[in-house]
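Visitor: I would like a close look at one part of this model, followed by its wider setting. Please keep to plain terms.

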Amino acid sequence: MWRVGAAHPFPMVPPQLLQLRALGIGRRKRSASGGGSARHREEEALGIGRRKRSASGEGSARRWPGAFWAHLMVLATSGFVPGPGPAEHTATMALPALALLLAAGLLHTQASPSTRSFQLDYEHNCFRKDGAPFRYISGSIHYARVPRPAWRDRLLKMYMSGLSTVQVYIPWNYHETLPGVYDFTGNRDVEAFLDLTAELGLLVILRPGPYICAEWEMGGLPAWLLWKPDIVLRTSDPAYLAAVDSWLHILLPKIKPRLYQQGGNIISVQVENEYGSYYACDYGYLRHLLGSFRALLGSEVLLFTTDSTRAEELRCGTLQGLYATVDFGPGSNVTEAFGAQRHVEPKGPLVNSEYYTGWLDYWGEAHASTSATVVARGLEDMLQLGASINMQVVSWQRAQPPGEYMFHGGTNFAYWSGADYKDQYKPVTTSYDYDAPLSEAGDPTEKLFAIRTVISKFQPLPLGPMPPATPKYAYGRVALWKYADLLDVLDVLCPSGPIQSQFPLTFEAVKQAHGFVVYHTQLPWDVPDPATLGAPPHSICDRGYVMLQKEYQGTLERDGQTTLHVTGRAGDTLDILLENMGRISFGANTSDFKGLLANLSLNSRPLSNWLIYPLAIDTAVQQGWPHAALPKSSSGGRVGPAFYTGTFETSGIAWDTFVTFPGWSKGLMWINGFNLGRYWTCRGPQQTLFVPGSVLHHGHPNNITVLELEGAPPTPLLLFLDRPLYNRTLGCSTMATE
């Protein structure tokens, strides 16, 4: 097939274009005079058609409006230093998937708020911004997965890649941590993030949910909704709608002043997310959301939905008054896919809302990667089709299950990673690198430069170099020492004391959203011969670390091992530390209760009389424990849940780094009270945790706290590297050689 820049003087019409023209998508016929229609001249003015090449082979110069020069002043004062080009970035630096939504030029002269508009043009099947045909190239970034000090760096790199727009999810549970308790400070200051996008000249497509998926814990819905066990999520259930309404009345007034029509940079807002894939198919729920969004945001803002191309999902996920877009993968038939959208939207811009340049990782599976060459080739093919047919928004998605199309993925710090359910529970790794164009640490990759090169064939790139990779430092080995077994510090981790119950209670019943709960009881009779300690199927949610007389016996796992053999005497203590590995974020299983969902039994006889300890580990660590506490002697061995501590100096260099856990099994790590997330050395593929330089101190020691859940190495130490490690599973009983 002929491509832009090829020497062939008479390019062949692609067969896809012939098919699309049959749908009424094709480019208008040129007039006999050769001047082209008024619409075609508009397309050429926007750079939507093929870019004319000069005799030298370089693209024609772009005349930038005055607003661009003002923006250059912003870039000049942003503090980035020109750095190395593509040769220094390898394809192994992962990048989450890219949502490339195609619509008009990067920058336009600012209109006054009274004349600003962003609308659908059903007659010409396009968007119009301030009255002119418009298309954009967009990528997704999640502010909740990026440390606030790095926001500007990541957004600037997206802008310099040629993107004019960013897509932004707002996770409800990240902000309303308890019913009526809101947090919009620090990394949760979404208004500051949106203001920064405007400062850098980026438009925004906002996706505020209330459900977002995004491989985020419970798809962004707050776990406290499950305090009402019979609540029916994402439906017209009055209890659910009351919570949604309360949240939207807090969130959307913060958004309204930032809408494009109000002088801001938000051009469109998604309502819910891929609702057609949810079993409920509740039109009353969608109508309720539409009414709330209109009441709180006004009648002018463009509201849209996104669903797959399946007829059933489009039937359940679309609603009159919400512009219906589709998403589909690179292996899909483009004509058929957009034909599906045309069944629900006969007129208007063609929109595929998600284009995946990478994929997420699950614990225990290989690190996902996608060829930069394949991604760039597919992108160029789509942009050529878009230019020819004035396709305003183009993107791709893999078919199942819905996820996110990231330009920069970031990190699932603390407990925010979600999970999928594909015949079994599949928790997402801490790294959300996604094999994206910008790596987990925000570094430009080979894939980014390939994408940038393709974009440059269709529109001018911003002037100036791509900001370089952030500096990394390998701080080397850091020795740790055991502070205490977890069961010996329950008074610190659960200062309010245990809850008594005849039978186990879930996390939700004891109002514990994340982390860990200890279930404590005693053996009711002598067990001289090995007896089966077991749980009903799917009732261990998600991992249970079993201790008898404080001695670690083994681990019970959801969809895995659910029995152990134990011996003991009447009155011996039995403790199970339950770990929440992340609530399911997609599908009908979003009501994903955690903890012991059913009673444990001993040789089929149920156990009773439980003491339940909801653990506030993060609160204790953030307050300086255990480093600020008195030294505690630990007589236990190296197996079972225990805390390890240590310190290290940065020698005045607080740069990004990666920490690996040679010989460790599974657990969590904090530096200076900041929860870096979970490591799982035995299962992989992720072997390092990303440590942002912004969490490190220079000039005084950095405090390390590790909670190892199954077993530490004989000589507990950590190794800080200047690069991540993926696709490796280091033995739990052997020391790494790196």
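Visitor: How many of the eleven residues of helix α10 (residues 334–344) are buried?

Guide: Eight of the eleven residues in α10 are buried, which leaves the helix mostly covered. Buried means under 20% relative accessible area, exposed over 50%, and partly exposed in between, with a 1.4 Å probe and protein chains only. The buried residues of α10 are Val334, Thr335, Ala337, Phe338, Gly339, Ala340, Gln341 and Arg342. Helices (H or I, at least four residues) and strands (E, at least two) are DSSP runs numbered from the N terminus.

This is a predicted model, in which local features need pLDDT of at least 70 and side-chain atom pairs count only at pLDDT 80 or more, while totals for chains, interfaces and linings use all residues. Residues are numbered from 1 along each chain as its sequence is written, and side-chain values use heavy atoms, leaving out hydrogens and water.

Next, the sheets. Seven strands form an open sheet with parallel pairing, in the order β11-β10-β9-β8-β5-β4-β12. Two strands count as paired if DSSP finds at least two bridges between them. At the edges, β11 (323–327) and β12 (406–408) each pair on one side only. Within this sheet, β5 (residues 165–169) and β8 (residues 203–207) run parallel and are joined by five bridges; glutamine 167 has isoleucine 205 in β8 as its bridge partner. Helix α4 (residues 151–160) packs on the sheet and touches β4 (138–141), β5 and β12, where contact means heavy atoms within 4.5 Å.

A second open sheet has three strands in the order β1-β2-β3, with antiparallel pairing. Its edge strands are β1 (118–121) and β3 (132–134). Three bridges join β2 (residues 126–129) to β3, and phenylalanine 127 has phenylalanine 134 in β3 as its bridge partner.

Last, the charged pairs. The structure holds 30 salt bridges, each a side-chain nitrogen of Lys or Arg within 4 Å of a carboxyl oxygen of Asp or Glu. In one of them, arginine 583 meets glutamate 508 at 2.7 Å, N to O; both residues are buried. Glutamate 710 and arginine 543 meet at 2.5 Å, N to O. Glutamate 710 lies in the loop between β34 (702–708) and β35 (717–721) and arginine 543 in strand β21 (residues 543–548), so this pair ties together parts 167 residues apart in sequence. Glutamate 710 is buried at 18% relative accessible area, and arginine 543 counts as buried at 4%. Elsewhere, Glu191, Asp195, Lys254 and Arg258 are linked in a network of salt bridges.

Definitions and conventions
Axes are lines fitted to C-alpha atoms, for helices over the stretch in contact, and angles run from 0 to 180 degrees between N-to-C directions.
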